[in-house]
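I will write down what I looked up, entry by entry.

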Amino acid sequence: MTDTMAASSEPLIALRDVTTYFKTPRGLVRAVDGVSFSLERGKTLGIVGESGCGKSVLSKSIMGLLPKRNVVRGGSIKFEGREVGQAGANELRELWGNQMAMVFQDPMTALNPVMRVGNQITESLIHNLDVSKDFAQETALQLLTSVGIPEPSRRLRQYPFELSGGMRQRVMIAIALACGPKLLFADEPTTALDVTVQAQILDLLDAQQAERFMAMILVTHDLGVVAGRADDIMVMYAGQAVEKAPTRTLFAQMRHPYTEALLKSIPKLDQASHTRLDAIGGRPPDLVHPPTGCRFAPRCPYAQDRCLQEAPPLVSHDTPGHEFACWYPVGTPEGAEALAKNQAAGIAATVSGGN
Amino acid sequence: MSVSGAIAPNIQLGAKIKVEKEKRKRLGITGTISAVWLALIGLSALLAPWLPIPSPKQAYIDLVQPDGNAPFSTSGHVLGLDGGGHDMLAQTIHGARVSLQIAFGAVMFGMVVGGFLGLSAGFFKGKVDRFISTLFDIFLAVPALILAMSLVAFLSGSSAQSGFLSIERIMMLALGIVATPPLGRIARASTLTWSEREFVMAARAQGAKNFKIMFIEILPNVLPAMMSIALLSVGVVVVAEGGLSLLGVGVNFTDKPSWGNMIALYAQTDLQLHPWLVFTPIIAVFLTVLSLNNLGDIIRARFDAKETTL
Amino acid sequence: MAGTGTAHLREPGETLLRVENLVVEFPVGRSGLKVNAVTNISLDVREGETLGLVGESGCGKSTTGKAIMQLPAPTSGKVLFGEHDLAALKGEELRVMRPRLQMIFQDPISSLNPRRKVEDIIAEGLNIWNIGTEAERDAKVNELMEAVGLDPELQRGKRPHQFSGGQCQRISIARAVATDPKLIICDEPVSALDVSVQAQILNLLEDMKARYGLTLIFIAHDLAVVKNVSDRVVVMYLGKMCEVGGPDDLYANPRHPYTAALLSAIPVADPSVKPSERMTLGGEIPSPVSPPSGCRFRTRCPRAQERCASEEPQMQQIAEDHFVACHFPLNPGETLTNSTEAFTA
């Protein structure tokens, strides 16, 4: 989705109009509703959104980790040009580990508590790469060293509960890297960790990605986590991508009111104490009955009648590679006019504080 | 934080709750059948003396053939007669009276005593917990049937002179004591998890006393877990009561038929010749236990604490 | 970071709450070992002030908050609230003090009883202490619900599962304010919430503070959140205090190496700040069962020297309303570097 991407022959992974619906007693939950992106090797895509925006369901859809029952899937997911969106369990298992791997939010639940750390790493090596046990042991040791675990040979014999949260996440990363994946998914990899450890883990992921020339998808709720690390950012809201751009472009010319609101609502270190925060009023919509028009419209300070009736498409406008779905974008004359109109009409300017 | 912002989404929430409620109101086919069966068996047990059925002690000896073969169905005896010429329908209904009384009585006893002990153990922890848990362990270490037998023997021995306890009460008490440790342990385990919750700390911070925290805050959350075990226990107690009768310490069949002693007696004497005699009380127990569990599930689903995820 | 000492405390007459030399220890099973969760913490809060307690997990900030609430009581130390030492009170004497201090918890779901109606949850304190007539209590519940942005008419009779996380936290706030407390301890009140909801709750806390004349102790791991709400900030590490000061000066000129490291580790939503150029702290927080001697931060500190292992630094004033417990504090504007060569010699 950037110029460089266009230059490369073929993206590693390309999604087109991916949908994932869940059948529930309440009706069809449109958890992911038409998401497209592509990513090439060596690049990092940050997917940002709040809980319930569909970012985790999206990564599970790509990884084929969703249950079969009560799930309706659509669209196309191409991995190295090969369609995997509707692939069966066997086909996916082949991709797993070798081609793509995942780092989860909570390393404690993702690791098997009654299995030694070493075995958990060698298991996937032996299974996926069909190597000898000795070779797998040797590789595991190297992996632990490369993810920055002190005394790796001792750690190999330990159980997950004997490790700290940061160490466990390092082990998870080692397991994910074991078979040399081309694509690494990191789903909120540092949310459960302390800030100082978070920085270490993010640095580690960065370094490993560069070293192994992997593509990485970093899923997070924190714009700060992706700001310095992702090449491109996709902001999701209520199951859809609302804005997608190279990182610098996104921060320099934020166009979607939700992206702006998300950034504005975070307290910042350089703000004076007791600065009133620009909270987004209300809550994300119910995904069984999403709003007809733009899904953010009910909470949007820029919203006009058109937004409530007609869903804006995700298209690029002035800057190539910068796509957003909005009729009255931030930083454009139309947007300014819409905002002024709403403020004049006294419509609850939800973004500006709420009261 | 605008109030308008907070209210708007609630319209959707309201719709969602309505759907849930409608769904939960329905009992479903199995639920309805269970409810009907339980109402039927409960009412007929309650009203047995006034129902147009013969006394269970009435023997229609003339209808029994010399070889002890009784006709399965005779006019006026829908479920037939047993070898002694007793009307099976009357036996089953009067049996329900005894069995259900003992089963519910025993389980209630177990719920109250076990619930109280388990709640105390889980709430106060430390020494109280160690004492109560040890008590439970001691009782659980003895095989249930042997424990029940000795309790019945002990209780009937001590009440023989005074006549204070009828055999049903003795059975109720003995089986109730046997049912106490498992129910108590469930209560304890559940209390341990619930008392870790922050709302317990919040109640304490408000100045709530232990008694209030235990019974107002924790108990309602612990009850569902206990209920599911209690409903299962009803079936177990009915069968145990029969087992005790068979060993000669329970309710005597000739005094009062119960489902338990009917199963025990007929299984011994008539299983090959007249299997339906055994099957009648067995089916009654089976349907009752099934219905209780079924309704229990439905009730639990309705009252289960639902919690939002963030 | 030994942060022993009371140099940062203000005159006893000025403050609503004064905590002196608070120690909380937990036994580790029956091993005879103990977790030094909080060791010699002293802090105070003026009426109407918000005191921020910030640090990573395991620093003892939540334990400090709970010890102030006497849930459970601290191992030793004084908790002076008005003329009472809460830590010395027992049973009924302590219980009658309860309504004056309240707490808001991290997990909005866990802190509400799923089986009780919202109106009962909010009125709990009013009912326990029999405050007002039934009609007055009813009116108070309505008033509180409106104050926190809930609709009393529609939502009084509902149970917690019918609310979102943010709304549950609003209910918690209403419950805490019901008995007109002087002091509310907010233990990570927004860390379980989504960013947009987090801002709503932070704004609400400020509003409630103004409306009901509250004093807050705000405990959080997020430095930016703490700065936003606080009038004074205490930075904690492994059960000790590192640095105390007004937020604007403390964040602009962190003097303790740990504060500086913490500030530099926060991911900034600005792509021009390259994470690789920032200082990253190595290692992880040591076990509180056997904390390092001297300054507890020395094992991870790029400035640590021998003295840090042998002698525990005392809290000392370094600027106006700015105190630090470090033998080698940073100068204003000085940045921490990853290089430790200068000190290892």
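Helices (H or I, at least four residues) and strands (E, at least two) are DSSP runs, numbered from the N terminus. The model is predicted, so I note that local features need pLDDT of at least 70 and side-chain atom pairs count only at pLDDT 80 or more, while totals for chains, interfaces and linings use all residues. Residues are numbered from 1 along each chain as its sequence is written, chains are lettered from A and ligands numbered from 1 in the order in which they are written, and side-chain values use heavy atoms, with hydrogens and water left out.

Entry on loops. I looked up Pro72(C), which sits in the loop between helix H1 (61-68) and strand S4 (76-81) of chain C, and found that a cis peptide bond, with omega about 0°, joins Leu71(C) to Pro72(C).

Helix H8 (residues 210-246) of chain B spans only 46 Å between its end C-alpha atoms, whereas a straight helix of 37 residues would span 54 Å at 1.5 Å a residue (the expected span is 1.5 Å times one less than the number of residues). I found a bend of about 55° at Leu219(B), with Pro220(B), a proline, following within four residues; the bend at a residue is the angle between axes fitted to the seven residues ending there and the seven starting there.

Entry on packed helices. In chain C, helix H3 (residues 118-128) and helix H6 (residues 165-177) pack at an angle of about 30°, their axes 6 Å apart; axes are lines fitted to C-alpha atoms, for helices over the stretch in contact, and angles run from 0 to 180 degrees between N-to-C directions. H3(C) and H6(C) are therefore roughly parallel to each other (angles under 35 degrees count as such). Contact means heavy atoms within 4.5 Å, and here Val118(C), Ile121(C), Ile122(C) and Glu124(C) of H3(C) meet Ile171(C), Ala174(C) and Arg175(C) of H6(C).

Entry on two chains. Which chain gives 47 residues to the contact, and which gives 48? I noted 47 from chain C and 48 from chain A. The area buried between them is about 3,700 Å², of which carbon and sulfur atoms give 53%; buried area is the accessible area (1.4 Å probe) that two parts lose on being put together, summed over both.

Key. Angles under 35 degrees count as roughly parallel, over 145 as roughly antiparallel, 65 to 115 as roughly perpendicular and the rest as oblique.
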